[in-house]
Amino acid sequence: MIAIVCLCDVMESWGNMAESCAWLLVLSTVFLCNLFKILLPSFSSILSRFLQKDAEQEYQMRFEIQTMRQELSAISMMDEFAKYARLERKINKMSDKLKTHVKARSAQLAKIKWVVSIVFYVIQAALMISLIWKYYSEPVTVLPSKWIAPLERLVAFPTGIAGGVGITCWLVVCNKVVAIMLYPIS
């Protein structure tokens, strides 16, 4: 019985501490989202390299074309026209095949980047909506009313508590501050 009471007291103190650190939770969430947004192109490239195994085939095709072009430059067009024309057609055919292959791989890469971006923005939106939902009626933090006097109602939206900083205002401020901080990295 005593253990249950102590456990309840500990849980309540953790809950109070979590509520008092709401500003830090929101700030860290915004920071991580913006940092991941900066790293999104790198992540997409790594993911596409992992999913696309055709790069080796492209490299092989480029090497073969280069080898055939060197061979073509060694053949006299006047003396061995048939051999020269056959090799030139072979080079053109391989070049066309390579172009088709590169276009297909580029389209797949664009699709992967698009899907990764959409997934990221959906997760970010869900995260922000959940934060707004959780802290809708209570201020993220409370400041002295004199600090925000002319904009007190706007800053407190949607809570309406005097001196309180509402979640929407806090998200906007955090997003701007984090974007400025991370600008040199991007």
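This tour visits a cluster of aromatic rings and then a nonpolar surface patch. Keep in mind that the model is predicted.

**Stop 1**

Select Phe36 and Phe120. A search of the whole structure finds 2 aromatic pairs. Phe36 and Phe120 form one of them, and this pair is tilted. The ring centres are 5.2 Å apart, with 40° between the planes.

Now colour the helices. Phe36 lies in helix H2, residues 22–51. Phe120 lies in helix H4. The pair therefore ties together parts that are 84 residues apart in sequence.

Show the surface. Is Phe120 buried or exposed? Phe120 has 7% relative accessibility, so Phe120 counts as buried, because buried means under 20%.

**Stop 2**

Phe120 and Tyr121 form an edge-to-face aromatic pair. Here the distance is 5.0 Å centre to centre, and the planes are 65° apart. At 41% relative accessibility, Tyr121 counts as partly exposed.

Display Phe36, Phe120 and Tyr121 together. Ring pairs link these three residues into a cluster.

**Stop 3: the nonpolar patch**

Next, select Trp114, Val115, Ile118, Val119, Val122 and Ile123. What do they form on the surface? They form a nonpolar patch. Together they have about 580 Å² of accessible area.

Finish on Ile123. Ile123 lies in helix H4, which covers residues 81–134. Its relative accessible area is 54%. That makes Ile123 exposed, because exposed means over 50%.

Key:
Residues numbered from 1 in each chain as written. Predicted model: local features only at pLDDT ≥ 70, side-chain atom pairs only at ≥ 80, totals over all residues. Heavy atoms only, no water. Patch = residues over 30% accessible without salt bridge, like charges linked within 9 Å, V, L, I, M, F, W, Y side chains within 5 Å. Areas by Shrake-Rupley, 256 points an atom, 1.4 Å probe, with all protein chains shown as cover. Salt bridge = Lys/Arg side-chain N within 4 Å of Asp/Glu carboxyl O. Helix = DSSP H or I, 4+ residues; strand = E, 2+ residues; numbered from the N terminus. Buried < 20%, exposed > 50% of the residue type's maximum accessible area, 1.4 Å probe, protein only. Phe/Tyr/Trp six-rings, centres within 6.5 Å; stacked < 30°, edge-to-face > 60°.
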